[in-house]
Structure formats: C-alpha cells, structure tokens
Amino acid sequence: MTSIAANRSAPEERLVNLVVALMATEQGLTKDTILHSVAGYREQGDSGASKDALEKMFERDKENLRRLGVPIETIGDFADPDDLREARYRVPTAEYSLPNDISFTPAEIALLNLAGGVWGQSSMSDNARSALRKIRALGNNVDEPIIGYAPRISLREPSFAKIQDAIESARVVRFAYLKPGERTARTRRMVPLALVEYEARWHVHGIDLDADAERTFLLARIAGSVEVTRATFDAALREGAGTRALRGLEDVAARNEAILEVHPGTEAALRLSRRGIRDDRGIRIHFVDVDVFADELASFGPEVRVIEPARLRNAVITRLRATLLLHGGAA
C-alpha cells in the first residue's frame, strides 16, 4: 500500500506525466509551472529537493524524451525570442496527427493501445513508437488541464506472461489465489480463456475447474507463481470470453457505487474525476473490488474522503491507520 507521505515517482511515470502535460497546453508551460505542478517533480520538491536539482532533472527528462522522438518545442519571449529565462515548453499536437485518409473505430483504437502496451519498448523501432504516439493521440481533445495524469495500466504482474502463454497454448493453469477477507490463499485450477483490463487492472477470465463455473480473477491477488500444466482444453472455448468477462465486471461495478469528496486541484481530483460523475455531493464512481479500490483511495491520503458506502470508508480508514502506525504515529 502506498504511504500517505509523498512518494517519489518512477522515472518512467514522471516522463509520461510530462508528455501529457505538454500535450495539454497550446501556450506552453514555464519551467516553474512544470516543477510545481507535474506529478513526479512536485513530489520531489515536497520531499526537499532543491530547485537546482529539479531543474537538472527536467533538463535530463527533456533530452531523454527528445531521444525517444518526442518533439518538445521551446517558446521564448515574443519580444525577444532568444530570451529563454521565461521560456515555455509544449509538444505540438500536429506532430501527433495522422493523415486525413486514415481513421480508426473506437474498438480498433482500443486494440492498438492494448497492443502498444503489451509490446516491450526495446522491441519497437523509432517509427513504431512514433506511430503509437499518434494513435494514442486520436480523439484526445484536451479542454482542461490534465497535469499529473499517468496511466495505471501495468503489465508487471508476475503472472501475466505465463497466463498469456497458457491461453495461447490452450493449457490449464494452477495458482494460489487470495480472496478478499481471507488470510490464506487457496489453490485454483483454471481453464484460462482471456486476459482483460478493467479499471486499469488485469484480470483472467476462464473456467474454475473446482467450481465448474466461469470465474474472473484479479491478477494482483494471485500469490506466488502460476503453474502451466500439461492438461489442455478446446481452444474454441476462447471465443467471446473477453466480451463475457468485461460484461461481468461491468455488472459488478454497476452494483457498487462510491461517493467521494475530493479536494480540487489535487492528483486525486485529476485521476478520479475522469472516471466518475460529479454532482452536488461529490464524485460518483463505480468500482468492482472494495479492497482494491480502498488501496487506491488510501494512497491519496487527505486528498480524498469517502462519503459512502460505509464499508469502503471503513476499509480506507483501516489502511490509513495501519500506515500511521507503521510510521510511528498514534491511530
């Protein structure tokens, strides 16, 4: 669980935050605005990093992004373009435009983004990375600041690769799974039919052989390694499994709604407001797993407060108290 205290973002996340922030502005952002607003720099400053250190970090990040093919434009003073003391930086959106005769449906864009996430960066050419950036920019009409946004989809779940191989080779898997509220993981035997991403988390959908029913498991709850057995299954069972899994997750989320009070201008507001609907009580967000959602909300610390439901509020409070005790405070 993420601590209440400000954490240092991974360099990759900071770079993504910077790119998104520079794409979200037409006029450009000054260095001071970036260092004080963009997640990654802001946390470093709050942790005591000097302005000189932050500026050097920003310069390194700019060069790294340019080497990756991200066109960062520097805009000097209009009266004196060579005066860069108050320079502004942006990523020209024209660099992310595809030719007019190329278009994609929403489903095609989703598949291309998924493929881009699965590919390792080391296996992609510069041209492929440039094309992927343009695809991801389709339909991104930014009309509000999105500084601090960073994608949470991750392929770093240790079980992902083995389950993917098992699906492709039509083999049964075995793994230990820790259900919410249980302290001991139980062994599951499963016919894995599809890997799906929902709420920025990966799930495996298939047939639970012990329950003799279709089930969807959260990869983050798999304890230990996944065993790919020699037992095989009919590959035709994979047909439509992903659609069924997503429909099931959407049904669960429809039954679970949270009302959150979020401080404006914070990272919590930037992340959560894009997933929910705002009304006079706060932000309404549907969720699948109360424990996983509580982990996420607790990571924002004082930036967010759960109004309802009570079980989610209590779960967040439990995590915050545990964090406080871990750091020597009184609950």
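Strands β4 and β5 pair in the antiparallel sense over 5 bridges. Strands here are DSSP E runs of at least two residues, helices are H or I runs of at least four, and both are numbered from the N terminus. Two strands count as paired if DSSP finds at least two bridges between them. Within this pair, Ala176 stands opposite Thr187 in β5. Strand β4 (residues 171-177) also pairs with strand β8 (residues 222-232), again antiparallel and over 5 bridges. There, Arg171 faces Thr232 in β8.

The model is predicted: local features need pLDDT of at least 70, side-chain atom pairs count only at pLDDT 80 or more, and totals for chains, interfaces and linings use all residues. Residues are numbered from 1 along each chain as its sequence is written, and side-chain values use heavy atoms, with hydrogens and water left out.

Next comes the hairpin of β6 and β7. These strands pair in the antiparallel sense over 6 bridges. Asp208 stands opposite Ala213 in β7. The hairpin has 4 residues between the strands, and Asp212 takes a positive phi near 55°.

β7 also matters for the second largest pocket: it gives the largest share of the lining, 4 residues. The pocket holds about 400 Å³ of space. Of the 19 lining residues, the closest to the centre are Tyr177, Pro180, Thr216, Leu218 and Asp289. A pocket is found on a 1 Å grid over the protein atoms alone, as an open set of points where a 1.4 Å probe fits, with protein on both sides within 12 Å along at least five of seven lines; lining residues have an atom within 4 Å of a point. Points are joined across faces, edges and corners, and the volume is the space filled by probe spheres set on them.

Which elements each supply at least two residues of this lining? They are β5 (186-198), β6 (201-208), β7 (213-218) and α10 (290-299). The lining draws at least three residues from each of domain 2 (159-240) and domain 3 (256-328). Those bounds come from an automatic or database domain assignment. By class, the lining has 9 nonpolar, 2 polar and 8 charged residues. Ala, Val, Leu, Ile, Met, Phe, Trp, Tyr, Cys and Pro count as nonpolar, Asp, Glu, Lys and Arg as charged, and the others, Gly among them, as polar.

Strand β9 (residues 257-262) and strand β11 (residues 282-286) are joined by 4 antiparallel bridges. Leu260 has Ile283 as its bridge partner in β11.

Another open sheet has 3 strands in the order β1-β3-β2, with antiparallel pairing. Its edges are β1 (29-30) and β2 (73-75), each pairing on one side only. β1 joins strand β3 (residues 88-90) through 2 bridges. Thr30 has Arg88 as its bridge partner in β3.
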